[in-house]
Amino acid sequence: MREQLVLVLLLAAGCLAGKDGISSNLVNREITRSIDLKTQVAHISYEYEIENTGSSAESHFHFALEADHGKQLSFISASDENKKSLKVAENVEVQSSSSGYFARISFASPLAAGAKATVNVQIVLPRILTPYPAEITQLEKQLLLYAGNHYVLSPYSTDSQTTSVELANKNIESMTRLQPASANEAKVTYGPYTDVKAFAFDKMSLHYENNAPYLSIQDLDRKIEVSHWGNIAVEETIDLIHTGAKLRGSFSRLDFQRNPTQATQAAVLHFKTVLPATARDVYYRDEIGNISTSNMLEKEDSVELDIRPRFPLYGGWKTNYYTGYNVPSHEYLERHGNQYRLTMRVMDHIYDDQHVQKMQVRVILPEGSKNIKVSLPYTMSEQPQTLHHTYLDTVGRPVVVLGASNLVQDHIQDFVLTYEFDSTLMLQEPLLVVGALYLLFLVVIVYVRLDFSLTKTKQS
């Protein structure tokens with residue numbers, strides 16, 4: 001019996017060995033939470049005032065989310081009171097009986113005993129809002145339901161906390177009220193709540209009107225083709241879906257024309273894509289061909305492409321299209337001898353508060369590139385390199401394939417790709433053209449000098 005008890009204790013110790021311990025010395029003196037629900041993506045920011053009540057310094061604290069929120073989490077960042085970024089270790093396991101999502105956030109410097117620190121945390125939840133009802137007619141407004149926690153979930157006790165919620169408008173169907181709570185126009189305030197225990201939970205729900213474009217990109221295929229002749233070609237193929245309340249019944253052209261304002265309040269008629277300022281030769285097409293209803297505006301720091309699908313997008317409707325443009329290579333490609341360094345965006349700004357369910361980035365490098373290395377701004381999958389064959393290629397061009405999922409606008413960041421390329425290989429394509437023309441002329445010369453007649457013509 002004693003041996004079995006020792007074995008159980010050893011197994012328990014082994015399970016806890018890889019988990020983070022939650023410090024009992026940290027206390028939340030004050031928490032301010034702001035929830036932005038004006039669009040289809042929920043942006044939540046926290047401001048923590050944390051005090052170390054222990055006798056030794058603390059190097060980090062743990063940020064917590066409810067389990068359903070943690071599953072929807074797309075982006076998280078943290079900074080101190082000086083806006084300096086803090087290191088965040090996502091989805092860590094902790095020694096706690098409470099389930100949920102935990103992140104370990106390191107202080108800029110160890111928090112001394114008796115000292116306080118201010119930490120700001122920003123998260124993005126792209127699919128936390130639920131259309132309710134799930135189906136609406138063409139003339140009805142779209143209502144969304146947000147479910148959360150009146151309290152800020154934390155593994156530490158909290159002296160005081162306040163939550164403010166920004167809505168799309170003042171039309172609130174229903175809301176829970178844990179006093180003190182108030183609603184003023186499109187803003188709802190909960191708290192302040194005092195002496196909140198660790199892991200306190202009380203269900204909060206908000207049912208409100210929100211006709212913001214509820215779009216989601218199911219699949220994004222981004223292709224970047226690098227040329228050392230001064231050009232980089234970019235093309236994005238996009239599968240877009242309206243993930244809001246589905247359209248109940250059939251589409252009525254009569255209602256659409258007779259009352260366009262009401263008939264399109266929950267539909268998406270157009271959206272704005274932002275391209276680099278140096279983009280040129282921009283095109284917007286689908287399987288049928290060029291879509292001429294789009295407009296382009298060149299600004300000082302960007303190129304705005306107003307994209308209008310061939311038909312309005314109602315809930316559950318999909319569309320597929322692709323856009324492309326060229327940019328000068330000297331803007332993004334650096335050279336030091338035979339070493340090249342490419343710095344480009346992982347993805348473009350496709351529409352405001354965008355959400356990408358799945359993305360693939362293919363970078364096609366010049367033929368002969370080797371020793372390829374990629375530096376990524378966040379976690380992405382890197383698939384085995386492939387070859388791309390096009391005109392005047394012999395063995396093919398190396399292709400770097402990257403993948404990611406559940407991306408939002410905050411993921412529009414730069415990646416860096418370095419590789420080696422022997423400059424003498426740039427003569428390969430001109431020599432192939434010269435050689436082909438030489439052979440062609442040689443064949444023509446030989447052909448015109450040969451006599452293929454069966455009998456010789458007598459001269460008079």
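Asp239 stands opposite Asn320 in β23. The structure is a predicted model, in which local features require pLDDT of at least 70 and side-chain atom pairs count only at pLDDT 80 or more, whereas totals for chains, interfaces and linings use all residues. Residues are numbered from 1 along each chain as its sequence is written, and side-chain values rest on heavy atoms, with hydrogens and water left out.

Strands are DSSP runs of E of at least two residues, numbered from the N terminus, and two of them are taken to pair if DSSP finds at least two bridges between them. By this criterion, β23 (residues 318–328) pairs with strand β17 (residues 231–242) in the antiparallel sense over 11 bridges. Strand β20 (residues 280–285) is likewise antiparallel to β23, with 4 bridges; here Gly324 of β23 is the bridge partner of Tyr283. Strand β23 is mostly covered, with 8 of its 11 residues buried (under 20% relative accessible area, with exposed over 50% and partly exposed in between; 1.4 Å probe, protein chains only).

An open sheet of 4 strands shows antiparallel pairing in the order β24-β25-β30-β27. Its edge strands, β24 (333–336) and β27 (370–375), each pair on one side only. On average, neighbouring strands of this sheet are turned by 15° against each other, direction ignored; axes are lines fitted to C-alpha atoms, for helices over the stretch in contact, and angles run from 0 to 180 degrees between N-to-C directions. Strand β24 and strand β25 (residues 339–345) are joined by 4 bridges in the antiparallel sense, and Leu333 has Leu342 in β25 as its bridge partner.
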